[in-house]
Amino acid sequence: MTAGAITGRARAAVTGLGVALLLFGLVVASLLPGPGGLAADFGQRNLPPSLAHPFGTDAMGRDMLGRVVSGLVLSLRIGLLAAGMSVVIAALMAGAAALGRWPDRAAGFVTDVMLALPHLLLLVLLSFAFGGGTGAVIWAVALSHWPRLARILRAELLQLQAAPYVEASRGFGHSRLFILRRHILPHLGPQMLVGFLLMFPHAILHEAGLTFLGFGLEPSRPAIGVMLAEAMRHLSAGRWWLGVFPGLALLAMVLAFDALGSAAERLANPREGRN
């Protein structure tokens, strides 16, 4: 193994450890404030950042630091569910290529239709169709983010089908489902993991975007999108902290998972690991 490969793997390991520590810190911090950290206190309304309230307070006197941490944990849960469901859908659609020409054509047609639709409009329509709320956002993000990953997995699957060991298994009379389950899907695992990690920041951003537009989570939830939407009514009054801190926290989480996805991609691809 070359020094470049070792360096690339070391960077990937450090990135993964950093994101793991970030997630652990978020979960622990979300448990520390308790219910009082998110409770309204009208005697502490619209306070700027201070030692007592590092992120300030909102129009109802709620501590913004506690709300931001709770919002990030909520976005983390939604992103995990939505990205995981989307990866499963992508794998099923890509697996149609191993079942025959007609299933492959049907899956390709559905994938092309999904890619042709405007992404934001599709998200809004799906969220509206599912009735809004947390479950609707999860389904909307999951059903709209799988097509590109499905194409990548399909291309990898077609290469695997031409592999000698797959040809040998086919020569022994094994069915297509057997070959798909035993010889192909295990080799798609690294690509699915990388796709999940790269899809995760998109899921978080689109969840916040839907909520900001009013098609996502309930206004009562401590979500980043809800905080940003509320901040729009107060920024003109000089209460900059209501929008700056939630936005920076969301950006930090997205960049962290984007770096983690890039690190996982370097680990999964030996050629990338030498860069």
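This is a predicted model: local features need pLDDT of at least 70, side-chain atom pairs count only at pLDDT 80 or more; totals for chains, interfaces and linings use all residues.
His-119, Leu-122, Leu-123, Leu-126 and Ser-127 in H4 meet Ala-136, Val-137, Ala-140, Val-141, Leu-143 and Ser-144 in H5, where contact means heavy atoms within 4.5 Å. By class, this contact of H4 with H5 holds eight nonpolar, three polar and no charged residues; Ala, Val, Leu, Ile, Met, Phe, Trp, Tyr, Cys and Pro count as nonpolar, Asp, Glu, Lys and Arg as charged, and the others, Gly among them, as polar.

Residues are numbered from 1 along each chain as its sequence is written, and side-chain values use heavy atoms, with hydrogens and water left out. Helices (H or I, at least four residues) are DSSP runs numbered from the N terminus.

Here is how the helix pairs are arranged. Axes are lines fitted to C-alpha atoms over the stretch in contact, and angles run from 0 to 180 degrees between N-to-C directions.

| Helix pair | Axis distance | Angle |
|---|---|---|
| H2 (residues 64-95) and H8 (residues 176-213) | within 7 Å | roughly 140° |
| H4 (residues 119-129) and H5 (residues 134-144) | within 8 Å | roughly 140° |
| H8 and H9 (residues 224-231) | 7 Å | about 40° |

H4 and H5 are therefore oblique to each other, since angles under 35 degrees count as roughly parallel, over 145 as roughly antiparallel, 65 to 115 as roughly perpendicular and the rest as oblique. H4 passes H5 in a right-handed crossing, with the near helix turned clockwise from the far one by less than a right angle.

Now to H8 and its partners. The crossing of H2 and H8 is right-handed, and the residues of their contact divide into 14 nonpolar, six polar and one charged. On the H2 side the contact includes Ser-75, Leu-76 and Ile-78, and on the H8 side it includes Met-192, Gly-195 and Glu-207.

H8 also passes H9 in a right-handed crossing. Ala-208, Thr-211 and Phe-212 of H8 make this contact with Gly-225, Val-226, Leu-228 and Ala-229 of H9. Five nonpolar, two polar and no charged residues take part in the contact of H8 with H9.

Finally, the pocket. The largest pocket has a volume of about 550 Å³. A pocket is an open set of points on a 1 Å grid over the protein atoms alone, where a 1.4 Å probe fits, with protein on both sides within 12 Å along at least five of seven lines; lining residues have an atom within 4 Å of a point. Grid points are joined across faces, edges and corners, and the volume is the space filled by probe spheres set on the points. Of the 22 lining residues, Arg-148, Leu-149, Ile-152, Gly-195 and Leu-198 are the closest to the centre of the largest pocket. H8 gives the largest share of the lining, seven residues.

Conventions
Helices (H or I, at least four residues) and strands (E, at least two) are DSSP runs, numbered from the N terminus.
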